Amino acid sequence: MIVVLRIGHRPQRDMRVTTHVGLTARALGADGMYIAADDRGVVTSIRDVADRFGGEFFVEDKVGWNSCIKRWKQDGGVVVHLTMFGLNLPDVEEEIRTKEKILVIVGAEKVPGDLYQMADYNVAVTNQPHSEIAGLAVFLDHIAPNALHREFPGAKVRVYPNACGKTVEEL
Ligand code: SAM
């Protein structure tokens, strides 16, 4: 099981990025997302896509990041914090892939300093600054089983691969 924890979300300002974090998480094999902020709009947008495009993806906002991490660890999960300052993904991915329950944390602005100690792994997708969406996408591609070939049962809309043009089926 892989779940994303989004911290530092600023309502209005980060709405689009946090929505894309959620959509990326869903598309590339995560099971759900916790948002450490109050933003119904983001929750509604992601749920709407999940409802139309299928699969089981949960979204919860108003989550306390500190208690979420503690609870996750008490339940036997590991915590991975994505940060440009961490160990490079290729050096830790084999070990992380063996874990059954992974909480992946992505920030927005500067993240709380405590997080570096609370995380079991501080992982960098290169040690260069970029974005939470890109970091999460590459991480899931390396860690989530079949990230690029997921099934989404119960879809109301299905898009079929097409070399040119669009093939969309309403179910
Ligand atoms: N400057 C901020 C800091 O020092 O925490 C980071 C801001 S960055 C726009 C937002 C988030 O993107 C980070 O919290 C981290 O989760 C993710 N991120 C950015 N670059 C990354 C990298 N090279 N590897 C992994 N995650 C990265």
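Guide: Let's start with helix H4 (residues 89–97) and helix H6 (residues 132–143), which pack at an angle of about 50° with their axes 10 Å apart. Here helices (H or I, at least four residues) and strands (E, at least two) are DSSP runs, numbered from the N terminus, while axes are lines fitted to C-alpha atoms, for helices over the stretch in contact, and angles run from 0 to 180 degrees between N-to-C directions. That angle makes H4 oblique to H6; under 35 degrees would be roughly parallel, over 145 roughly antiparallel, 65 to 115 roughly perpendicular, and the rest is oblique.

Bear in mind that this is a predicted model: local features need pLDDT of at least 70, side-chain atom pairs count only at pLDDT 80 or more, and totals for chains, interfaces and linings use all residues. Residues are numbered from 1 along each chain as its sequence is written, and side-chain values use heavy atoms, with hydrogens and water left out.

Who touches whom? On the H4 side you'll find Leu89, Glu93, Ile96 and Arg97, and they meet Val138, Phe139, His142 and Ile143 of H6; contact means heavy atoms within 4.5 Å.

Now the sheet: it's open, with 6 strands in the order E3-E2-E1-E5-E4-E6 and parallel pairing, where two strands pair if DSSP finds at least two bridges between them. Its edge strands are E3 (58–60) and E6 (121–124), and the twist averages 30° from one strand to the next. H4 packs on this sheet, touching E4 (78–88), E5 and E6. H6 packs on it too, touching E1, E4 and E5, and its direction makes about 160° with that of E5.
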